[in-house]
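Here are my notes on this model, as numbered points. Please read them with the structure open.

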Amino acid sequence: MKLSLLYTTIILSITFTFTSSCQASSTSWEETARLKTQRTNSKIPSKWILDEEVVVRAREQQRITGRDIDGFLRTLGDGDLSLGVDVDVDRDGDVEMEMEMEMTAEKAVSITNMDVKDILKDLEKGVLRSTEVVLAFCVRGAVIHQVHPVFLDIAFVEAIQEAAAAQEAKEERGPLYGLPFTVKDVFHAKGMETSGSLVGWFNSTDINTNRGKRSVNGFYDFHAGDGFEMNRMEGDSEVVKRVRDAGGIVIGKTTVMQSTWAADTNNNILGELTNPWNKKLTPGGSTGGEGVLQALRGAAFGIGEDSGGSVSMPSSFNGIYSLKPSSGYSISTLSNGIRVLEPREGRLTMEGAVNFGTRIEAIEITAPGIMTASFSALKEVYKSTTAGETTEPLRSLNIAVLDDDGAITPHPPIQRVFKQAKDKLLENGATTTFKWQGTPSSNVSSIQGTLARNDDCIDVFHYREISGEPFVKELIDTGFQDLLPDGPGGWDADRQRQLDEAVELRDRYRMEYERIFDENNAHALIMPVTASTAWKVGDGVNGQSYTTYANVLNVPVITIPAGFVSRDVDVMPEDFQGFSDVDVEHMARYAPDEVDGMPVSVMILGRKDGEYDLLAVAEFIVEALAEEEEE
């Protein structure tokens with residue numbers, strides 16, 4: 001394919017100032033990170049570059065909403081924003097044609113504000129073309145990245161070419177035909193760079209290119225690939241391939257927490273990401289880049305990864321929908337006693353993705369997740385990438401309720417919005433509820449770290465050693481660097497005992513969960529996502545997160561936006577006693593003025609492999625909450 005387009009050959013005239021310590025210097029990791037950032041920025045076509053004064057004004061704003069992005073996009077003027085591309089129609093090099101497109105800023109605003117179900121309908125009817133949809137979202141993504149940097153790699157031009165080729169080809173079109181999507185930069189996408197948020201990945205040929213051999217324990221050997229310049233992938237991770245096969249088109253890869261092991265989004269490549277609703281607050285993590293991009297409608301949907309709330313938490317903090325399915329793997333035992341992890345037919349899996357845990361138990365609680373501003377998109381993407389039949393809409397519900405974990409009291413806005421969501425469900429007379437009596441979520445969540453990081457995240461330390469980059473503040477504050485104080489250690493009997501105990505508890509908790517669902521004929525369990533809204537950048541987790549509950553239990557979870565903080569309504573309780581001194585301290589950190597207007601969500605958990613049933617429950621709840629908004 002040929003491009004009649006001049007890429008910007010130098011870093012954008014706008015100075016991208018990031019809050020990280022990633023400043024240019026003579027050290028190799030800093031220079032590597034600087035060049036990576038420059039390379040990404042230079043992939044924005046020159047006609048999509050905002051005036052510097054627009055960028056400065058946007059950076060000074062405390063809050064950036066989707067409407068703000070609409071305004072910034074409109075400053076590009078009334079001119080044509082399309083790119084002239086030569087398209088290989090047959091995709092074999094024999095027949096080529098020039099694809100003519102026209103895209104104004106106003107048209108891009110209109111398309112990117114449409115609901116995904118309406119975009120799909122218009123694509124099917126021919127009212128919209130795939131090139132128009134992809135182009136519109138690419139322009140919007142470019143604008144977002146300039147005012148609130150989120151991309152670790154960009155494929156705008158390649159995506160437009162792919163859309164044009166699909167549009168002209170006479171092949172059968174998939175259910176997601178023409179929808180642009182983004183992925184967390186722990187997944188591989190053909191032709192794009194993968195960093196995994198670690199600078200060392202750009203200094204090493206010791207990487208996975210999706211051509212590694214299957215090792216005896218059932219994992220891909222992530223160190224067996226051939227490697228190539230700048231870590232450009234020759235294949236897709238499994239979930240990316242599924243979405244592509246359904247017609248989706250990748251337009252970019254989003255930033256992620258260094259190593260993925262903290263509930264924020266910061267690394268030495270792009271720097272500290274902040275929440276667009278309030279830039280003093282965190283977007284959550286580790287999938288904060290996808291959370292922010294979806295909140296600003298930078299793609300039709302995004303794909304993240306979740307082993308402890310990495311999808312659910314940033315979805316909640318950014319006011320979007322998400323679905324973390326059950327793990328796409330099952331454990332079986334070979335005749336020689338070796339346990340292996342096998343992909344389960346019809347399930348979304350993490351195969352081919354960057355993985356920083358190397359043991360079976362770590363992967364069994366990890367799953368890809370779908371993130372989007374549209375509930376209809378959530379349903380459509382999951383249905384289009386998995387095997388199963390959509391459940392009929394429910395006429396009645398029996399929902400278990402978990403108000404808190406008995407250790408940390410949720411902050412006032414969490415309590416209010418959660419109660420309103422429950423009350424709204426009960427008002428229609430079609431819902432009954434009962435109090436969840438299972439093992440406290442804090443107990444269940446306590447074993448997540450043992451299961452997910454039982455290998456001490458050796459890969460992270462390996463690539464950090466290659467580059468020499470430092471750990472970012474959030475990892476230092478959690479003591480992550482102390483996992484391997486003297487370098488990678490061996491696997492001894494004590495470590496095996498700890499893992500065996502955690503696995504035994506995990507299996508016990510899972511059986512209890514299923515028993516309670518059976519005895520009460522429950523459809524779902526509803527609970528808060530976290531005990532607080534988004535906290536200040538760099539402060540670390542403020543209170544209890546309920547998100548790891550679903551990972552340990554290996555059940556699907558859907559996050560649903562349910563309201564916003566109101567400093568006038570959500571006041572600090574007087575004479576708060578709490579469960580303990582720790583709980584009192586947690587409540588004292590609530591600052592209504594600082595979090596006023598921030599999104600608040602609820603999450604619902606279902607049975608293992610019960611994603612379609614849970615989507616039906618979620619639709620029931622979404623409709624009930626929509627009625628409240630209309631009132």
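**Notes on the fold**

1. Ser286 sits in the loop between β5 and α9. Helices (H or I, at least four residues) and strands (E, at least two) are DSSP runs, numbered from the N terminus. The peptide bond from Gly285 to Ser286 is cis, with omega near 10 degrees. Thr260 lies in the loop between β5 and α9. Thr260 is not a glycine, yet has a positive phi of about 75 degrees. Most residues other than glycine have a negative phi, and most peptide bonds are trans. Both places deserve a look.

2. A word on the basis. This is a predicted model, with residues numbered from 1 along each chain as its sequence is written. Local features need pLDDT of at least 70, side-chain atom pairs count only at pLDDT 80 or more, totals for chains, interfaces and linings use all residues, and side-chain values use heavy atoms, with hydrogens and water left out.

3. What is the order of the strands in the open sheet? The sheet has 11 strands, in the order β3-β5-β4-β6-β10-β7-β14-β15-β13-β11-β12, and its pairing is mixed. Two strands pair if DSSP finds at least two bridges between them. β3 (151–154) and β12 stand at the edges with a single partner strand each, so one side of each has no neighbour in the sheet. From one strand to the next, the twist averages 30 degrees.

4. Now the β12 end. Strand β11 (residues 397–401) runs parallel to strand β12 (residues 431–435), and five bridges join them. Leu397 stands opposite Thr431 in β12.

5. α6 lies across β3, β4 (180–184) and β5 (249–254), at about 10 degrees to β5. Helix α9 (residues 288–295) lies across β3, β4, β5, β6 (301–306) and β10 (367–372), at about 155 degrees to β4. Axes are lines fitted to C-alpha atoms, for helices over the stretch in contact, and angles run from 0 to 180 degrees between N-to-C directions. Contact means heavy atoms within 4.5 Å.

6. Helix α4 (residues 105–112) packs on helix α6 (residues 130–147) at about 100 degrees, with the axes 9 Å apart. α4 and α6 are therefore roughly perpendicular (65 to 115 degrees). Lys107, Ala108, Ile111 and Thr112 of α4 make the contact with Glu132, Val133, Ala136, Phe137 and Arg140 of α6. By class, there are five nonpolar, one polar and three charged residues. Ala, Val, Leu, Ile, Met, Phe, Trp, Tyr, Cys and Pro count as nonpolar, Asp, Glu, Lys and Arg as charged, and the others, Gly among them, as polar.

7. α3 and α6 also cross at roughly 100 degrees, and their axes come within 10 Å. Gly66, Ile69, Asp70, Phe72 and Leu73 in α3 meet Val139, Arg140, Val143, Ile144 and Val147 in α6. This contact has seven nonpolar, one polar and two charged residues.

8. The whole structure holds 32 salt bridges (a side-chain nitrogen of Lys or Arg within 4 Å of a carboxyl oxygen of Asp or Glu). One of them joins Glu106 and Arg74, at 2.8 Å, N to O. Glu106 lies in helix α4 and Arg74 in helix α3 (residues 66–74), so the pair ties together parts 32 residues apart in sequence.

Key. Angles under 35 degrees count as roughly parallel, over 145 as roughly antiparallel, 65 to 115 as roughly perpendicular and the rest as oblique.
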